[in-house]
Amino acid sequence: MNIAVAGTGYVGLVTGVCLAEHGHGVTCVDVDQQKVKTMRKGISPIFEPGLDELMQKNMERLTFTTDYQAAYRGADVIFIGVGTPEKRDGSANLAYVYEVAGQIAASIEKDCVVVVKSTVPIGTNDKIEAYMKARLAHPVQVWIASNPEFLAQGTAVQDTLHASRIVIGVEEEKPGAILQEVYKDFDAPKLVTNRRSAEMIKYASNDFLALKISYVNEIANLCETVGADIEDVTKGMGFDGRIGKQFLRAGIGYGGSCFPKDTKALSWLASFNDNEIKTIKAAIEVNENQKYRLVKKARKYYEDFKGLTVAVLGLTFKPGTDDLREAPSLVNIPVFLEDGAFVKAWDPVGVQNFKKKCEGDIRYCESIEETLQDADICFIFTEWPEVKELDAHIFEKCMKHPIILDGRNCYDLEQMEQANVIYESIGRKV
Ligand code: UGA
């Protein structure tokens, strides 16, 4: 089968490479010439563990191009994996999806299935179908299928090769059968639904996970007040299979390119249809507040950050990625800077991206020790393994005032008690 993939971000590139791993010939299309050049050398333009290796292994089945016409012309299946960022009003911006849909309609010369992997509001696949059919340059049949993506950054390759499920949303048998064939060697449960249900599965899943995190964060905040320990509480909850052990980690809130955007988009869609999803609205609000949880705690020790040296460990929204979208560091560091602090920051891969988004009196350090040296307070925003592995005494040894505010519950409380430090985390005793 001749497969093309539009967009080489996390979704598009990982999909293309994993399809090649299962023996398909795949042409990946991107508008960025520079990115295409890099990918032709077998190098991924995004930081994603295992992706470079898998690309190099499958280079003979992979083609990278900016020439979308050549890529789409003879394709049997075309995946759309471009971004659907958030608009100011919280709705999803579908401009890139429609741009690609228009290009496909103008290019295809044989019957083909267009597979929408991008996260799009419920009903969008129907609209794309009408949009494309009105623009077809040749008298061919085009079927639109919804096939949402469930990969997480940092584990994207494994999440795709060993997917929790493959959802195929179609209105007719033929495109369903073609997609079953595409995915026949993928070892994952396959669920065939109509397109609107497939679109909804994606939002409902992401928003449920976001809700779970906000719920746990609220319970964690209450634990602090009533003297319970969130780590023990979530452990106890997780034994119940109906609740599950995963996604119960309390912290300074979720970030990334998906949960913040997808919660707002579903909430927007509900109100647009004269509905209201109160639980999701609450999850959004809780998350916004949670991001400032550590700053509030810091006010106990310092009225403001003026003249202080603030050490920051971790900039990205989670470990295993260089992505900073909606990362807690992006809202907290400006608070330190506005107050007149000198910020020292460490992150193994996120520094270059952070520099593009935030300016000010920041020194980016090569090592954690250098970051902590002479600091008056330390904030932990990302649970990188290098941070979790630290010996508690290093804070005591390097910092001027060893006050550690940990937004990711990286350390054992007993271990921290033995060191001569002030340690506060989320949902646990001070
Ligand atoms: C998320 C979903 O997990 C994927 O299933 C989905 O396919 C993807 O969005 C998407 O729609 O593309 P991702 O945003 O890459 O993936 O990252 P997650 O690992 O889900 O983490 C999101 C945020 O939640 C991070 O900031 C993380 O620190 C936070 N989180 C996660 C918690 O605060 N507590 C937890 O227990 C789990």
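The expected span of a helix is 1.5 Å times one less than its number of residues. The structure is a predicted model, in which local features need pLDDT of at least 70 and side-chain atom pairs count only at pLDDT 80 or more, while totals for chains, interfaces and linings use all residues. Residues are numbered from 1 along each chain as its sequence is written. Helices (H or I, at least four residues) and strands (E, at least two) are DSSP runs, numbered from the N terminus.

**Helix α9 and the ligand**

- After α9 comes Gly 227, with a positive phi near 85°.
- Helix α9 (residues 195-226) supplies three residues to the shell around the ligand, the largest share.
- The ligand has 20 residues around it, of which Ala 152, Arg 249, Tyr 254, Gly 256 and Cys 258 come nearest; a residue is near a molecule if its C-beta atom, placed from the backbone, lies within 6 Å of it.
- By type, the shell consists of 11 nonpolar, six polar and three charged residues. Here Ala, Val, Leu, Ile, Met, Phe, Trp, Tyr, Cys and Pro count as nonpolar, Asp, Glu, Lys and Arg as charged, and the others, Gly among them, as polar.

**Helix α1**

- Helix α1 (residues 10-21) has 12 residues and reaches 16 Å from its first C-alpha to its last, close to the expected 16 Å.
- Since 12 of the 12 residues of α1 are buried, this helix is largely enclosed by the rest of the structure. A residue is buried if 20 or more other C-beta atoms lie within 10 Å of its own, exposed if 12 or fewer, and partly exposed in between, with C-beta atoms placed from the backbone.
- The cover over the buried residues of α1 includes β1 (2-6), β2 (25-29), α3 (51-57) and α7 (156-161).
- Just after α1, Gly 23 has a positive phi of about 95°.

**Helix α11**

- The 14 residues of helix α11 (residues 259-272) should span 20 Å, and its end C-alpha atoms are 20 Å apart, which agrees.
- Among the buried residues of α11 are Phe 259, Pro 260, Ala 265 and Leu 266.
- Both α9 and α12 (278-290) are included in what covers the buried residues of α11.

**Strand β5**

- All five residues of strand β5 (residues 112-116) are buried.
- Cys 112, Val 114 and Val 116 point one way from β5, whereas Val 113 and Val 115 point the other way.
- Strands β4 and β5 run parallel and are joined by four bridges; in one of these strands, β5, Val 116 is the bridge partner of Ile 80.

**The six-stranded sheet**

- Six strands form an open, parallel sheet in the order β11-β10-β9-β12-β13-β14; two strands pair if DSSP finds at least two bridges between them.
- Strands β11 (362-364) and β14 (422-424) stand at the edges with a single partner strand each, so one side of each is left without a neighbour in the sheet.
- Strand β13 (residues 403-406) is joined to β14 by three bridges, and Ile 404 stands opposite Tyr 423 in β14.

**Cys 410**

- Cys 410 lies in the loop between β13 and α19 (413-418).
- Cys 410 counts as buried because it has 22 C-beta neighbours inside 10 Å.
- The C-alpha atoms of Cys 410 and Glu 383 are separated by 6.4 Å, although these residues are 27 residues apart along the chain.
- Leaving aside neighbours within four places in sequence, Cys 410 is in contact (C-beta atoms, placed from the backbone, within 7 Å) with Ile 380, Glu 383, Val 387 and Lys 388.

Notes: Two residues are in contact if their C-beta atoms, placed from the backbone, lie within 7 Å.
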